[in-house]
Amino acid sequence: MDLSPTSVLLCPPVDISHGSAGGVIFDSSSLRQQTTIPKAFIWPSSDRPAATEELDAPVVDLSGFFHGDEESTLRAAKLVANACERHGFFQVVNHGVSELLARDALDWTDEFFRLPLCDKLRARRKPGGVWGYSAAHADRFSSELPWKETLSFGYREAAGSERVVIDYFVSMLGEEFERMGLAYQMYCEAMKGLSLAIIELLAISLGVDRMTYREFFDDSRSIMRCNYYPPCQEPELTLGTGPHCDPTALTILQQDHVGGLEVFSGRAWRYVRPVHNALVVNIGDTFMALSNGRYKSCLHRAVVNRHRERRSLAFFVCPREDKVIRPPPPSPEDVGGGPRLYPDFTWAQFMEFTQRHYRADMRTLRSFTKWLESSSSVTAT
């Protein structure tokens, strides 16, 4: 069976139309046969200026850190601190994640997104949910839709969770997808280990006890997202992912060689060049709160290509839902250099805000703070 994105679907074709949840359905195979893109995918021109310069995102070698080389670790921590205080983006190499494992995960991403649309819709995300297949996020929004498809699922380490990803794929798609689930289970396990190492390095860079954040995130609840950006006939009018800051604590991104990630820094959009076998790391809003604003959760987006498809794998690190987000002791001034910028909150509260009340952008954390304070005042009365 031809699984290429342009192959004929083996189920009834689905055009842009209203689905059962009231949103539109994104069928890239059908849309690519049209000369123009639908209005729902056109973004304001203010969100679409072209990036012409590369982001100054350091490539941090983690080999010394993993081998206990203190001098090398301090050099890496300094590079991380400089990047995180400016824009929150850096890349890591010699990170310990097998190149074969990473390539396998991308190959399985191809396998999933090349399935007929009717098969992908078996894993369709439920309204208000986080996990599942989404076509252009049309289940949540009706305008400024991203030109992409995503598959999201959760990962955690706990007793009885050794097959959590495998079981998700089997339950949603069937027994024939067990191998796909196993590949992502192994990838998530590798990402979890790497995330704890990066979080330890972040603590070193902030000058706090190196185990402070690692212990906080040891029982983390992560989100894995596979992204597919089809070729687009009018890439200058749309975006693969709109400008936003990640509400999560940390994102570890595997890009393919096509590129498309851009970051708003120095009052301009700048592209992040793919580096062979490197992973892109960026700070999210939750870690910005944990650092009392010292480390930045920066606006970023993804652009699409007229002729080439793009894939990426994003591993979002989140604390356990009931963990209280606050800078570490002895005082927030020791971390962020000033008074508390954000109130205490839990990841469950922040997740509810971003999934039900707000479309993530550069003001998410500030808007959440106002919402939280308003909700607290209403509860108090």
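Predicted model: local features only at pLDDT ≥ 70, side-chain atom pairs only at ≥ 80, totals over all residues.

Biologist: OK, sheets. What is the strand order in the open sheet of 8 strands?

Modeller: The order is S2-S3-S11-S8-S13-S6-S5-S4, and the pairing is mixed. Strand S2 (59–61) and strand S4 (132–135) are the edges, each pairing on one side only. From one strand to the next, the twist averages 25°.

Biologist: How do S8 and S13 pair, parallel or antiparallel?

Modeller: Antiparallel, over 6 bridges, with S8 spanning residues 250–255. As one example, Thr251 has Phe316 in S13 as its bridge partner. Helix H7 packs on this sheet and touches strand S3 (89–93), strand S5 (149–156), strand S6 (221–229), S8, S11 and S13. The direction of H7 makes about 125° with that of S8.

Biologist: And the open sheet of 5 strands, what's the order there?

Modeller: S1-S10-S9-S12-S7, again with mixed pairing. Its edge strands are S1 and strand S7 (241–244), each of which pairs on one side only. S7 and strand S12 (residues 300–302) run antiparallel over 2 bridges, and His244 has His300 in S12 as its bridge partner.

Biologist: What does Phe169 touch, leaving out neighbours within four places in sequence?

Modeller: Phe169 is in contact with Leu151, Phe153, Gly174, Phe177, Met180, Gly181 and Tyr184.

Biologist: Now Val317. Where does it sit, and is it buried or exposed?

Modeller: Val317 is in strand S13. It counts as buried because its relative accessibility is 1%, and the cut-off for buried is under 20%. Setting aside residues up to four places away in sequence, Val317 touches Ser195, Ile199, Phe217, Ser220, Ser222, Thr248, Ala249 and Leu250.

Biologist: How far is Val317 from Met224?

Modeller: The C-alpha atoms are 8.8 Å apart in space, and the two residues are 93 residues apart in sequence.

Biologist: Switching to charges. How many salt bridges does the structure hold?

Modeller: There are 23 salt bridges. One of them joins the side chains of Arg273 and Glu54, at 3.1 Å from N to O. Arg273 lies in the loop between strand S10 (268–271) and strand S11 (279–283), while Glu54 is in strand S1 (residues 53–54), so the pair ties together parts that are 219 residues apart in sequence.

Biologist: Are those two buried or partly exposed?

Modeller: Partly exposed: Arg273 has a relative accessibility of 43%, and Glu54 has 36%.

Biologist: Which residue does Arg311 form a salt bridge with?

Modeller: Asp110, with the closest N and O atoms 2.8 Å apart. That pair links Arg311 in strand S13 (residues 310–317) to Asp110 in helix H4 (residues 99–113), 201 residues apart. Arg311 counts as buried at 13% relative accessibility, and Asp110 is buried at 13% as well.

Biologist: And Arg326, what does that pair with?

Modeller: Its side chain meets that of Asp344 in a salt bridge of 2.8 Å, N to O. Arg326 is in the loop between strand S14 (324–325) and helix H10 (333–336), and Asp344 is in the loop between H10 and strand S15 (345–346), so the bridge ties together parts 18 residues apart in sequence. Both are partly exposed, Arg326 at 42% and Asp344 at 34%. As for networks, salt bridges that share partners join Asp219, Arg320, Asp322 and Lys323 into one.

Biologist: Last one, Lys120. Is it buried or exposed?

Modeller: Buried, with a relative accessible area of 6%. Lys120 belongs to helix H5 (residues 117–120).

Biologist: What does the Lys120 side chain make a polar contact with?

Modeller: The side chain of Glu149, at 2.7 Å. Not counting residues up to four places away in sequence, Lys120 touches Phe112, Phe113, Leu115 and Tyr133 as well as Glu149.

Conventions. Residues numbered from 1 in each chain as written. Heavy atoms only, no water. Salt bridge = Lys/Arg side-chain N within 4 Å of Asp/Glu carboxyl O. Helix = DSSP H or I, 4+ residues; strand = E, 2+ residues; numbered from the N terminus. Buried < 20%, exposed > 50% of the residue type's maximum accessible area, 1.4 Å probe, protein only. Contact = heavy atoms within 4.5 Å. Polar contact = N/O pair within 3.5 Å; in protein donor to acceptor, adjacent residues only side chain to side chain. Pairing = 2+ DSSP bridges. Axes fitted to C-alpha atoms, helices over the stretch in contact; angles between N-to-C directions.
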